[in-house]
Amino acid sequence: MNNKTFYSHGKLLLSGEYVVLDGALSLAIPTKFGQSLNITHTEDQVLHWKSFDDIKQVWFENKFDIMSFKALNRAPDENISNMLVKILKTAHNLNPEFLNNNSGLKIETHLEFPKNWGLGTSSTLINNVAHWANIDAYTLLENTFGGSGYDIACAQNDSAITYQLKNEKPIVEKTDFNPVFREHIYFVHLNKKQNSRDGIKYYHQNKVNAKSAMKEINTITREMITSTNLEHFQNLMIQHETIISELTKQVPVKTLLFKEFSGAIKSLGAWGGDFVMVASNQNPTNFFREKGYKTIIPYSEMTL
């Protein structure tokens, strides 16, 4: 039995947050930071799982019965154990040959980014497990965490993509998004993790006039990809923020936190946490650092 390693890229959704769930055309980029899953066969008929963070510290560990998938120890965070069991059971149900030979396993996952960055701790895990189990990653996601699936598409690709759900099936196309003004784009972390499931729930409860908004977002996505100057791209970001704000009855992040900033700021993914995209003529690092936001990553350092 061969030992194996699987790897998946993290993700950022540059356009189409929330409305991607209803079929809007969205622009997404895989990140340089991802997660690996390493499998080693052992003799003890136990599945020993260890998850390492970006500084090589163990942030989760437990042992599971290889036949029943039951956790053998009470982990400090039982929710993680329960979700892991659900993922493995679901994978086994989708492919009964998966974890069916009764041999022991040592599993290690290694993150390349801090867990609170929101770049896809869950989606990279789902994609890695799906490859390991030889099943469809979108189906595994649907039966575990849920969501649009754009993060799975990013996990599997090494360039910018457009993502769209048509008849509930993902349409993924590679796109040449490499703006000439990319040195003016930055990603700033808002110092808190946003639960995307909460954001999705809020959207479904509050969305109004989604259809007309989706047409506008589709146009903005296409224009973002072909935009050739910074001012045009900034205007597209502002338009996008306005549409999603009206759709979900949420206040845009610039209005909320950075009113005096001269450039454009756009939320990525669920509003209220994780990263925002910043486009400005001047390097915005000092502005954000003075406000207590220390994680400012230039576009070229985030993207492949």
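A residue counts as buried with under 20% relative accessible area, as exposed with over 50%, and as partly exposed in between (1.4 Å probe, protein chains only). This is a predicted model, in which local features need pLDDT of at least 70 and side-chain atom pairs count only at pLDDT 80 or more, while totals for chains, interfaces and linings use all residues. Residues are numbered from 1 along each chain as its sequence is written, and side-chain values use heavy atoms, with hydrogens and water left out.

**Stop 1: the salt bridges**

How many salt bridges does a search of the whole structure find? There are three, a salt bridge being a side-chain nitrogen of Lys or Arg within 4 Å of a carboxyl oxygen of Asp or Glu.

Select glutamate 17 and lysine 266 to begin: their side chains form a salt bridge with an N to O distance of 2.8 Å. Glutamate 17 sits in the loop between strand E1 (4-13) and strand E2 (26-42), and lysine 266 in strand E9 (residues 264-267), so this pair ties together parts 249 residues apart in sequence. Helices (H or I, at least four residues) and strands (E, at least two) are DSSP runs, numbered from the N terminus. Glutamate 17 is buried, at a relative accessible area of 1%, and lysine 266 is buried too, at 0%.

Next, select lysine 174 and aspartate 158, whose side chains meet in a salt bridge at 3.0 Å, N to O. Lysine 174 belongs to strand E7 (residues 169-174) and aspartate 158 to the loop between helix H4 (150-156) and strand E6 (161-166), so the pair ties together parts 16 residues apart in sequence. Lysine 174 is exposed, with a relative accessible area of 54%.

Now select lysine 291 and glutamate 260, a salt bridge whose closest N and O atoms are 2.8 Å apart. Lysine 291 is in the loop between helix H9 (285-290) and strand E11 (296-298), and glutamate 260 in the loop between helix H8 (253-257) and E9, 31 residues apart. Lysine 291 is partly exposed at 35% relative accessible area, whereas glutamate 260 is exposed at 51%.

**Stop 2: a helix pair**

Select residues 210-226 (helix H6) and 230-248 (helix H7): they pack at an angle of about 160 degrees, with axes 10 Å apart. That makes H6 roughly antiparallel to H7, a term for angles over 145 degrees. Axes are lines fitted to C-alpha atoms, for helices over the stretch in contact, with angles running from 0 to 180 degrees between N-to-C directions.

Finally, show side chains where H6 meets H7 (contact means heavy atoms within 4.5 Å): H6 residues including Ile217 and Ile220 meet H7 residues including Phe233 and Leu236.

Technical notes. Parallel < 35°, antiparallel > 145°, perpendicular 65-115°, else oblique.
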